[in-house]
Amino acid sequence: MKYAVISDIHGNLPALKLVLEDAKRQGTQAYLFAGDYCISAPWANEVATLLRSLPDARFIRGNDENHLDVPDGDDGQFEVSRWCSRSISADNKAWLDALPEELSFQCEGVTIRMAHSSEAYVGKAIHKHFRTSAVPARYSEAPVTRQHLLEDFRSTMGQDSDFLTAMAKLDKGVYIFGHNHVQCFGCYDGRWLVNPGSCGLPLDCGDFGAVYTLLTIANGQVTVEERRIPYDVEALIAQVKTTSQYQAARIWSEVIFSEWRTCREKVYYVLWNAEHYAESIGDSRRPFAKDTWQAAYDLWLQNGQQAHPELFVR
Ligand SMILES: [Fe+2]
């Protein structure tokens, strides 16, 4: 059985279509989706509709599905979540709400488990080294190659005693997760970890593309193949600029553009910068008022690259 393992689409319909076309060409027989279908790119509703039409697909929910329940308000901070929430049909929202947090099933005697975050399996052991906000500092000199990242992941985790202790307690089988948008995989004494990266918003400091992973189970044997389909980031950005999300949530859209161009996290730092700025002017309102949010973002545009050059390597 050949599965396409796909995570963190984040509303990026063009990337999802590229992945599904490639998966079909590769002879995929079934699909496994590990959460975060919405927020960031403006096609979450179309993504949900397409996903629901797929045969032989299993789904779990991610943390961003929870952000669709943002309350009404006039703040700047939640503009993109609010826009996304408005853009999703009641039917698709009900489908997203009903998705399980985790699932497990058998394939040819191999147990496959799915959870959005690796924390479900190994606590914070992977998060400590490879959380999205920490990865750019690991590869601050240049874009990282797939081979280097995989070697770094395996040697770093292979020396982490919390990780090794947690892994030893797991049953043998395949453990799928996403969340940090860093594609990687490894096998530890019959326990496979498979992170397919982010289909629509890769943040693993490498090449931009539509990202997913093929997982094959044949005669009880597991094989994994990482896939990354290149496409035009500037054409994608130009497309987003024509949507009402760009009008309603311009700052968030620009932050996502910057993440697409560099494949490096920005959200954590933009929020931290806004928090710091609001404190400096004695503004305690949260979520951030529109004026504060705009002024903080202007400051980020002026100073962000100098303060955090590792976030802008491309
Ligand atoms: Fe995500």
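1. Start with β1 and its partner β9. In this predicted model, β1 and strand β9 (residues 210-218) run antiparallel and are joined by 4 bridges. If you want a landmark for the pairing, look at Tyr3, which sits opposite Leu215 in β9.

2. Now zoom out to the sheet that holds this pair. It is an open sheet of 5 strands with mixed pairing, and the order across it is β3-β2-β1-β9-β10. The edges belong to β3 (57-59) and β10 (221-229); each has a single partner strand, so one side of each has no neighbour in the sheet. On average, neighbouring strands here are turned by 20 degrees against each other, ignoring direction. Helix α1 (residues 13-25) packs on this sheet and touches β1, β9 and β10. The direction of α1 makes about 30 degrees with that of β9.

3. The start of the chain deserves a look too. Met1 lies in the segment before β1 (2-6). Leaving out residues up to four places away in sequence, Met1 touches Gln29, Ala30, Cys107, Glu108 and Ile217. Take Ala30: it is 29 residues from Met1 in sequence, yet the two C-alpha atoms are 7.8 Å apart in space.

4. β4 and β5 form it with 2 residues between them, and Glu108 in the turn has a positive phi of about 50 degrees. Strand β4 (residues 102-107) pairs with strand β5 (residues 110-115) in the antiparallel sense, over 6 bridges, and Ser104 stands opposite Arg113 in β5. β5 also pairs with strand β6 (residues 173-176), this time in the parallel sense and over 3 bridges. There, Met114 has Ile176 in β6 as its bridge partner.

5. Ile176 turns up again in the core. The largest nonpolar core has 83 residues, and those with the most contacts inside it are Val5, Ile6, Val19, Ala44, Ile176 and Cys199. Which helix or strand gives the most to this core? That would be α1, with 6 residues. As for Val5, setting aside neighbours within four places in sequence, its contacts are Leu32, Ala34, Ile176, Val194, Pro196, Tyr212, Thr213 and Leu215.

6. Helix α10 (residues 233-240) and helix α12 (residues 250-262) have axes that come within 10 Å and cross at roughly 170 degrees. That makes the two roughly antiparallel, because angles over 145 degrees count as such. On the α10 side, Val233, Leu236, Ile237 and Val240 meet Ser253, Phe257, Trp260 and Arg261 in α12.

7. Finally, the whole chain. Its secondary structure comes to 14 helices and 10 strands. The radius of gyration is 19 Å, close to the 20 Å that the globule rule gives for 314 residues, so the chain is as compact as a globular protein of that length. The C-alpha atoms fill a box of roughly 60 × 45 × 35 Å along the principal axes. Buried residues make up 43% of the chain. Of the contacts with a separation of 6 or more, 72% join residues 24 or more positions apart.

Note on methods. Residues are numbered from 1 along each chain as its sequence is written. This is a predicted model: local features need pLDDT of at least 70, side-chain atom pairs count only at pLDDT 80 or more; totals for chains, interfaces and linings use all residues. Two residues are in contact if their C-beta atoms, placed from the backbone, lie within 7 Å. Two strands pair if DSSP finds at least two bridges between them. Axes are lines fitted to C-alpha atoms, for helices over the stretch in contact, and angles run from 0 to 180 degrees between N-to-C directions. The radius of gyration is taken over C-alpha atoms; the globule rule is 2.2 Å times the number of residues to the power 0.38. A residue is buried if 20 or more other C-beta atoms lie within 10 Å of its own, exposed if 12 or fewer, and partly exposed in between; C-beta atoms are placed from the backbone. A nonpolar core is a set of buried Ala, Val, Leu, Ile, Met, Phe, Trp, Tyr and Cys residues joined through C-beta atoms within 7 Å. Angles under 35 degrees count as roughly parallel, over 145 as roughly antiparallel, 65 to 115 as roughly perpendicular and the rest as oblique.
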